Amino acid sequence: MKSLLTSILLVFIFVLQPSEVFSQVDLSSAKRKIYVFKIDDNIDPRMNRKVKLALEEAKEESAAMVIIEMDTYGGAVNDADDIRTMILESEIPVHVWINKDAASAGALISIACDSIYMAPGASIGAATVVMGGGGEAAPDKYQSYMRSMMRSTAEAKGRNPKIAEAMVDEEIEIEGISEKGSVITFAVSEAIENGFCEGEVDSIEEVIAKQGIFDYEIIEQTTSTVESIISVFLNPAVSGFLILIIFAGIYFELQTPGVGFPLAASITAIILYFIPYYLSGLAENWEIAVFIVGVILLLVEIFVIPGFGIFGILGILGILTGLTLGMIPNDALDFSFVPAGDLFVALLTVILAAIAALTLIFFLAPKVNKWGAFRTIALATTQQRTEGYTSSVYENSLLGKEGITNTRLMPSGKIIIDDEVYDAYSRGEFIDQGEKIKVISTEGTSLKVKKI
């Protein structure tokens, strides 16, 4: 009788409240989603963005937990601060498995996690802030900032703040743990003994098992199409090619005003150059502004002010500065933590690209009008007298005459010959006002001249 009443009761529950019953069954039987990603490179703006995207994706996937596989020697302090803040504020539990090293900024990020696990032979610590070259210790203001972050992060996660500080400051001595003159770096057993590691494990799966989860689905961070495209344009070789197009496009647009194609190519190259660095946190708004101001100053020098002086020099410096700073993780004009290699690569890329652009301009500019492709977008032909064209408005007596420029030729303008003013144009180069010139052709409605 009792079993019969129980069966009737179960049927009654399923009939009256099926949605609640099935939802409870689904919830209990559903696999837990575990989101996994790696911090296996320098801590810089690119890693900052990678972590941000990972935590956002984990939230979208409704992950039960996030596990970071860590192996890094550290990096920029400001980016490490951003990452540890994101982890501390994460609504999803974040655990870290130190596969090999969690040094410097890596130690700070690890301490921010809810639990720390380490592979055999791994280490954590050595968080002294060093300069971009990697050897010399940074000034005390940076050490103090790092100590405070290590201390507050350890306190937030229930770890010994004094030990966390001693990972930064060699002057801190902790009895039985560290001596004055050396910062703390823990091996696995030492980290476990002092509360900076929850256990020694060999894999991500063991970390998950330690959390009491056995029915789960691992979701690994994958690079999206957009991120793949961004990474391509972050390649210095690609950046250099874009710089070449920027310079060459501006020059050829000035030589063939109104065509539009060279200018469009230059603007497109500028966009493709700066957007990937901007999204990666490398190019700041002010660095892009420096580049734009440089372009404006150069245009003012070309079209408004005769000669080439301070505006032109400042314009070129602004362009080169904006392009270079956009590639490196500097903090305003502070390059203390910019790796020397990164700075060298950025400078070399910009300089070589500028030289290549100048070479392209000087060697190919005279041949552009002969290209079939160029003839389809610009009037690049001349009407020869031998072919029956006699549209010249000037006498042949002007051929070979010498005079001076009345206005700047860019490349067209006004000249003076025997106190008479004529329309004229150069062979492509700009000629300043007051320069001596010689007529080399009287074909067409303007005199063709060269500087002498």
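Predicted model: local features only at pLDDT ≥ 70, side-chain atom pairs only at ≥ 80, totals over all residues.
Local features need pLDDT of at least 70 and side-chain atom pairs count only at pLDDT 80 or more, while totals for chains, interfaces and linings use all residues. Residues are numbered from 1 along each chain as its sequence is written, and side-chain values use heavy atoms, with hydrogens and water left out.

Strand S1 covers residues 32-39 (strands are DSSP runs of E with at least two residues, helices runs of H or I with at least four, numbered from the N terminus). S1 pairs with S8 in the parallel sense over five bridges; two strands pair if DSSP finds at least two bridges between them. Within this pairing, Tyr35 has Ile219 of S8 as its bridge partner. S1 also runs parallel to strand S2 (residues 65-72), joined by six bridges, and here Ile34 stands opposite Met65.

Strand S8 (residues 216-220) contains Glu220. Glu220 counts as exposed because its relative accessibility is 55% (exposed is over 50% relative accessible area, buried under 20%, partly exposed in between, with a 1.4 Å probe and protein chains only). Glu220 belongs to a negatively charged surface patch with Glu200, Asp202, Glu205 and Glu206. Patch residues have over 30% relative accessible area and no salt bridge, with like charges joined within 9 Å and nonpolar side chains (Val, Leu, Ile, Met, Phe, Trp, Tyr) within 5 Å. A salt bridge is a side-chain nitrogen of Lys or Arg within 4 Å of a carboxyl oxygen of Asp or Glu.

Helix H5 (residues 105-112) is largely enclosed by the rest of the structure, because eight of its eight residues are buried.

A nonpolar surface patch includes Phe344, Leu348 and Ile355. Ile355 lies in helix H15 (residues 340-364) and is partly exposed, at 46% relative accessible area.

Definitions and conventions
Areas by Shrake-Rupley, 256 points an atom, 1.4 Å probe, with all protein chains shown as cover. Lys, Arg positive; Asp, Glu negative; His and termini not counted. Charge placed at Lys NZ, Arg CZ, Asp CG, Glu CD.
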